[in-house]
Amino acid sequence: MIESAGWISTAASVGMAVGPPLVYADQAYSIVKKKDSTGFSRDVCAILLIANITRCFFWLGDRFELALLVQSILMILAQLALLYICIIYRPRVSPESLGTSTRLYSFWQWSSYTQYLEFLAGLILCQAILFLIFGRSKLFITLLGFVALGLESTLPIPQLISNYKQRSLYGFRMSTLLGWLGGDLFKTVYFFLQGSPLQFRVCAIFQLSVDFAILGQRIMYGNPPPPPVLSEEEDLEQALALAEES
């Protein structure tokens, strides 16, 4: 009985470490197949990369389960790959291609993959310096945990907003949504059973509630293609063509 419980615990830990990064494999395959990342919010990559980098520093100050550290490392690698794919196959009409970004310093809407890597390298450096200075403070470590897990819990929100604007879940794979729901439900139960730090449990419940909101959007909107957005040049060409026909 004890051995059986040990195997179950080990299997749960392996699933927790490997499962969440694998959720995005089908999303990446879909983007490559269509050669178009429309419908998938690149901000998802931003949230997961920043949150998991921060979580690695949190682990240095509060040694929670090793499986969760491995999960963070694998998720960072998975999101770097997915981000690269999204940039290669980004929509032709996008804020960075049109130069219409309204974000401060065009945050996370840069044209080059190198710019994303430079930002992440700067983030790691800043967090390393802060950890060296305040790493012995329990308050700092607690706050670091809430920042990491709190940020990760907002993961579905950019997708929720994108779906609302499009009134469609076009381009967002159902497998990804089911992976979010199943994964977040599993990890919520896992955190409570393992007695993980409070940050993990509180933020997991919040994230799961947003997942269910996106499921509601799927039922309400479906996944029809959004109306095409024409550039000014295309709009002019189409108007001229219609004028010639008439």
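The second largest cavity in this predicted model is lined by Arg 55, Leu 149, Glu 152, Lys 187, Phe 191, Phe 200, Cys 203, Ala 204 and Gln 207, where a cavity is a set of points on a 1 Å grid over the protein atoms alone at which a 1.4 Å probe fits but cannot get out, and a lining residue has an atom within 4 Å of a point. About 40 Å³ of space lies there, a volume being the space filled by probe spheres set on the points. Helices H6, H8 and H9 each give two or more residues to that lining, with H9 giving the most, four; helices here are DSSP runs of H or I, at least four residues long, numbered from the N terminus.

On the conventions, local features need pLDDT of at least 70 and side-chain atom pairs count only at pLDDT 80 or more, whereas totals for chains, interfaces and linings use all residues. Residues are numbered from 1 along each chain as its sequence is written, and side-chain values use heavy atoms, with hydrogens and water left out.

Turning to the largest cavity, its volume is about 160 Å³, and of its 14 lining residues the closest to the centre are Pro 20, Met 75, Asp 184, Lys 187 and Gln 207. H8 supplies the largest share of that lining, five residues.

Finally, H9 itself covers residues 198–221, and because its 24 residues at 1.5 Å a residue should span 34 Å, counting one less than the number of residues, the 35 Å between its end C-alpha atoms agrees. Gly 222 follows H9, with a positive phi near 75 degrees.

Note on methods
On a 1 Å grid over the protein atoms alone, a cavity is a set of points where a 1.4 Å probe fits but cannot get out, and a pocket is an open set with protein on both sides within 12 Å along at least five of seven lines; lining residues have an atom within 4 Å of a point.
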